[in-house]
Amino acid sequence: MNNSKLLLLLKTLSTTEMKEWGRFLDLNMAKKPEPAQRFFSYLSKEHPAFPEKKMHREVIAKKLFPKDVKNVKKLENIIYKFWPLLEEYFIYKELKSEKTEKDFLLLKAFRNRGLDKFFFKKANEMETVWQNKPPVGIEHLHDVYRLKKSRLSHPNFLETKSVAIEPTNIIHYLDLYYFTVKMYWTLIAESTII
């Protein structure tokens, strides 16, 4: 099991992240089975080294479920459940540090739930923040385009009385992003010797 995907990913977690993932597991497992908690405790004690002699499936299964004949199968079922939760945890960690992506996901949630007032209020807030303190980098141009596209493509956009914005404006931001990215990669290509 030492080269399993689960262990390879768990090795990348810091001690703090491992504890945080444990809390994440508690909150997100459909049922909080005691065997899964024992398996997590076992992994926590061996993290981050995961010594090879202690990571064989048979060794872990015998330690966690000594009286169960099908202990390896039971362990494999737990591993199967842990894998998607670890992927979700990685996404959660990335989203915590990506404010812009969180804002776009919130806009999408508002739109999908028919919360138009909240959608347009959040879009206006994002735009105001960016006008007052524009983020640096090429990707910001893409974010401005994405925001304008989200607002313009909203089914109730015409009811917001802000029709004076958009269609030609959105093309302008798309062009800005496109030409800036094209110039960037052209310069990279010219300065890179292959």
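Buried means under 20% relative accessible area, exposed over 50% and partly exposed in between, with a 1.4 Å probe and protein chains only. This is a predicted model, in which local features need pLDDT of at least 70 and side-chain atom pairs count only at pLDDT 80 or more, while totals for chains, interfaces and linings use all residues. Residues are numbered from 1 along each chain as its sequence is written, and side-chain values use heavy atoms, with hydrogens and water left out.

**View A. Helix α2 and its cover.** Helices (H or I, at least four residues) and strands (E, at least two) are DSSP runs, numbered from the N terminus. Helix α2 (residues 15-28) has 14 residues. From its first C-alpha to its last, α2 reaches 20 Å, close to the 20 Å expected at 1.5 Å a residue; the expected span is 1.5 Å times one less than the number of residues. Its buried residues are Met18, Glu20, Trp21, Gly22, Phe24 and Leu25. The cover over these buried residues includes α1 (5-10), α3 (34-46) and α5 (71-97).

**View B. Met29, in the loop between α2 and α3.** Met29 counts as buried because its relative accessibility is 12%. Contact means heavy atoms within 4.5 Å. Leaving aside neighbours within four places in sequence, Met29 is in contact with Ala36, Lys81, Phe82 and Leu85. Met29 and Leu85 are 56 residues apart in sequence, and their C-alpha atoms are 7.9 Å apart in space.

**View C. Aromatic pairs.** Rings of Phe, Tyr and Trp (its six-membered ring) pair if their centres lie within 6.5 Å; planes under 30 degrees apart count as stacked, over 60 as edge-to-face and the rest as tilted. A search of the whole structure finds twelve aromatic pairs. One of them, Trp21 with Phe40, is edge-to-face, at 5.7 Å centre to centre and 65° between the planes. This pair links distant parts of the chain, with Trp21 in helix α2 and Phe40 in helix α3, 19 residues apart. Both Trp21 and Phe40 are buried. The pair of Tyr184 and Trp185 is edge-to-face because the ring planes stand at 85°, with the centres 5.0 Å apart. Tyr184 is partly exposed at 39% relative accessibility, and Trp185 is exposed, with a relative accessible area of 52%. Ring pairs also link Trp21, Phe39, Phe40 and Phe82 into a cluster.

**View D. The loop between α3 and α4 (57-64).** Pro48 lies in this loop, and a cis peptide bond with omega of about 0° joins His47 and Pro48. Phe50 lies in the loop between α3 and α4 as well. Phe50 is not a glycine, although its phi is positive, at about 45°. Phe50 counts as buried, at 1% relative accessibility.

**View E. The largest pocket.** A pocket, on a 1 Å grid over the protein atoms alone, is an open set of points with protein on both sides within 12 Å along at least five of seven lines; lining residues have an atom within 4 Å of a point. The largest pocket has a volume of about 160 Å³. Its lining includes Glu101, Phe104, Arg111, Phe119 and Arg146. The elements that give two or more residues to this lining are α6 and α8 (138-152). Helix α6 gives the most, with six residues.

**View F. Asp103 in helix α6 (residues 99-112).** Asp103 is buried, with a relative accessible area of 11%. Not counting residues up to four places away in sequence, Asp103 touches Lys122 and Met126.

Terms used
1 Å grid on protein atoms, 1.4 Å probe; cavity = no way out; pocket = protein on both sides within 12 Å on 5 of 7 lines; lining within 4 Å. Points joined across faces, edges and corners; volume = space filled by probe spheres on them.
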